Amino acid sequence: MEKISPHHPRAESLRIRACLVEGFKSGLVVPEGLAAHGRGEAFDYILGERTTKQAERAIEATGAMLLLAERPVISVNGNTAALVPTEIVQLAEAVNAKIEVNLFHGSTSREVAIARWLKKHGAKEVLGIDRKFSTRINEIHSDRRKVDRRGIAAADVVVVPLEDGDRTEALKRLGKRVIAIDLNPMSRTARAADVTVVDNIIRAMPLLIRYVKHISRDSKTKLHRIIGNFDNRANLRGTLKFMFERLKSI
Ligand code: ATP
């Protein structure tokens, strides 16, 4: 990977880009994934590349929802795998969730490459690869309709980082609780999810792991209270307000 000077004013943003380019070269990320990242970067720029208090609230609700879930699943695409492989594995371990590869632009070789990459970072099991367990969600009109019987098909809570709206809406129709991580507070995904973390996945994942550790010994009643006190629509409105204020002040 090309060396990025820590003194460059956009060093972190360049480092993230470099990660994706590496992911692209090694077959984890598709060109469309690079474009989707660009859309995310634009929103992150407006956010000031910082985690807002609204995002922290959503992260806390995410932690509580995952700890209370019976069959939580973290859905992983190429960008997510390239950016936060270690954190995906750590989060899955902390909340006892399954990890499933699920791609918009599906291909067996990329699924296998992503699963291998996650295993290299410590994942013991990665679902979504073995055809024997494959089933379909008919409402979805992309390759993402293919899911694992042991994973997303049976899940009660699904984490969908960097998602497209179709699948989020379809998962909701199937009665699942959906947690999105998406820098665009206006996307269909952001609006359809039960909890939307509007933050860069690079910042959100380590923070989420810290929150989970922090609240993991709390009673179920307290975890239910955290979720009950969280209002996704109001939180998204708060995020948009924050963005407007920042743009005005700039
Ligand atoms: P929708 O279908 O939900 O309206 P979309 O068509 O914008 O959304 P995609 O093109 O699949 O969906 O893009 C994925 C989303 O991921 C975008 O909203 C983008 O802002 C977001 N995103 C990209 N990179 C990151 C990142 N590093 N962290 C968090 N979100 C990101």
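Trainee: With which strand does S1 pair in the parallel sense over 3 bridges?

Mentor: Two strands pair if DSSP finds at least two bridges between them. Here S1 and strand S5 (residues 157–161) pair in the parallel sense over 3 bridges, and the partner of proline 72 in S5 is valine 157. Strands (E, at least two residues) and helices (H or I, at least four) are DSSP runs, numbered from the N terminus. This is a predicted model, in which local features need pLDDT of at least 70 and side-chain atom pairs count only at pLDDT 80 or more, whereas totals for chains, interfaces and linings use all residues. Residues are numbered from 1 along each chain as its sequence is written, and side-chain values use heavy atoms, with hydrogens and water left out.

Trainee: Which strand do 4 bridges join to S1?

Mentor: Strand S2 (residues 98–101) is joined to S1 by 4 bridges, and the two run parallel. In S2, glutamate 100 stands opposite serine 75.

Trainee: Are the residues of S1 buried or exposed?

Mentor: Buried means under 20% relative accessible area, exposed over 50%, and partly exposed in between (1.4 Å probe, protein chains only). In S1 (residues 72–76), 5 of the 5 residues are buried, so the strand is largely enclosed by the rest of the structure. Pro72, Ile74 and Val76 point one way, while Val73 and Ser75 point the other way. By contrast, lysine 3 is exposed, with a relative accessible area of 75%; this lysine 3 is found in the segment before helix H1 (11–25).

Trainee: How many cavities of 30 Å³ or more does the structure hold?

Mentor: Rolling a probe the size of a water molecule over the atoms shows where empty space is left. A cavity is a set of points, on a 1 Å grid over the protein atoms alone, where a 1.4 Å probe fits but cannot get out; lining residues have an atom within 4 Å of a point. Grid points are joined across faces, edges and corners, and a volume is the space filled by probe spheres set on the points. The structure holds 1 cavity of 30 Å³ or more, and about 50 Å³ of space lies in the largest cavity.

Trainee: Which residues line the largest cavity?

Mentor: Among them are Glu100, Phe133 and Asp148. Strand S4 (146–148) and S2 each supply at least two residues of the lining, and the largest share, 3 residues, comes from S4.

Notes. 1 Å grid on protein atoms, 1.4 Å probe; cavity = no way out; pocket = protein on both sides within 12 Å on 5 of 7 lines; lining within 4 Å.
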